[in-house]
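Work through the exercises below with the model open. Each task is followed by a stepwise solution.

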Amino acid sequence: SLKGLDLLAEIARLKKERNAVILAHYYQKPEIQDLADFVGDSLDLSRKAAATNAEVIAFCGVRFMAETAKILSPEKIVILPDMDAGCSLEDSCPPDQFKAFRDAHPDHIALTYINCSAAVKALSDIIVTSSSADVILKQIPNEQKIIFGPDRHLGGYLARKTGRDMLLWPGICIVHQAFSETELLKLKAEHPGAPVAAHPECPPHIIDHSDHVGSTKSILDFAIHSPSKTILVATEPHIIHQMEKAAPDKTFIGVPGGDGNCNCNMCPYMALNTLEKLYVALRDLEPRIELDAETMAKARVPLERMLEMAG
Ligand code: 13P
Ligand code: SF4
């Protein structure tokens, strides 16, 4: 509609006026992905945020991602269209409980998934993303004991893959937890030979049926380059937008969650960001990520280790 066009023009105008860069995650609505300067997974978005020359970072993703951008670029203004865009993994790991867990295991280092609060990052030794976790884990001496949190499925997957025994924090992603094994089996029967690509936040009963397991970026690459014409996608389905753009002749099918009749394979937090809220955020430079200086300085150390170790 004309109104929609106006909004896009206004966002473009404000972006220039504010010297802003728009970063978006693959789970954002297509209209947001399409106007972003860069769309990526958590690791690539962190790299972009650390390297940008823009004065304002408009982060279309969830709060822990925007906080990471702020920690890596503290002199920048970082805005998030909706400050309520949280993450169930962050919610599953309150900093005081995480600190008590660490204190109970003083001979362990904390290898921590980026899906957590800035306060939990400040209590961690090394941050990982789904795309960098195994590369980073390989660089840690075998005898070193490790606490891994907050995602027990990513931790369990890494432990099975590498043979490393890690103490796991019991957090889960409500979206990936919801993928249904029976619905996946139905899809596999309907599309014989179609490969399954899954995110490591999925529980083992989904991972065990998968041909490829990796970050959103690696799922996207796998889906685009797979010789198969049909690919079953076990991650948040908004990423299919990029798959369809890159390989319009192929069919990408999102695995349903629950009984197949809910929207529970969609991330309710990512969905809070809209074009209207992005417009208002660019206009007002609010809501803005603000973190206390001590938390930022402490959280920066394990994040920079991640960027260094991820290569
Ligand atoms: P990626 O780093 O693979 O993009 O994952 C982010 C995320 O929140 C997955 O649920
Ligand atoms: Fe968090 Fe899951 Fe949403 Fe990713 S999909 S942001 S892990 S709740």
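This is a predicted model: local features need pLDDT of at least 70, side-chain atom pairs count only at pLDDT 80 or more; totals for chains, interfaces and linings use all residues.

**Exercise 1: domains**

Solution. Next, list the contacts: eleven residues of domain 1 meet 14 residues of domain 2. On the domain 1 side, helix 3 (42-51) and helix 4 (63-72) each contribute at least two residues. By class, this side of domain 1 has five nonpolar, three polar and three charged residues.

**Exercise 2: a helix pair**

Task: Describe how helix 3 and helix 4 pack, giving the angle and handedness of their crossing.

Solution. Start with the axes, which come within 8 Å and cross at roughly 35 degrees. The crossing is right-handed. Then name the residues: Ser-42, Leu-45, Ser-46, Ala-49 and Ala-50 of helix 3 meet Met-65, Thr-68, Ala-69 and Leu-72 of helix 4. Sorting the residues of this contact by class gives six nonpolar, three polar and no charged.

**Exercise 3: the ligand shell**

Task: Which residues surround ligand 1, and between which domains does ligand 1 lie?

Solution. The shell consists of Asp-41, Ser-42, Asn-115, Thr-129, Ser-130, Ser-131, Cys-173, His-199, Glu-201, Ser-215 and Thr-216. One of these residues is nonpolar, eight are polar and two are charged. Domain 2 and domain 3 both supply residues to the shell, so ligand 1 lies between them.

Technical notes
Residues are numbered from 1 along each chain as its sequence is written. Chains are lettered from A and ligands numbered from 1 in the order in which they are written. A residue is near a molecule or strand if its C-beta atom, placed from the backbone, lies within 6 Å of it. Ala, Val, Leu, Ile, Met, Phe, Trp, Tyr, Cys and Pro count as nonpolar, Asp, Glu, Lys and Arg as charged, and the others, Gly among them, as polar. Domain bounds come from an automatic or database domain assignment. Two residues are in contact if their C-beta atoms, placed from the backbone, lie within 7 Å. Helices (H or I, at least four residues) and strands (E, at least two) are DSSP runs, numbered from the N terminus. Axes are lines fitted to C-alpha atoms, for helices over the stretch in contact, and angles run from 0 to 180 degrees between N-to-C directions. A crossing is left-handed if the near helix is turned anticlockwise from the far one by less than a right angle, and right-handed if clockwise.
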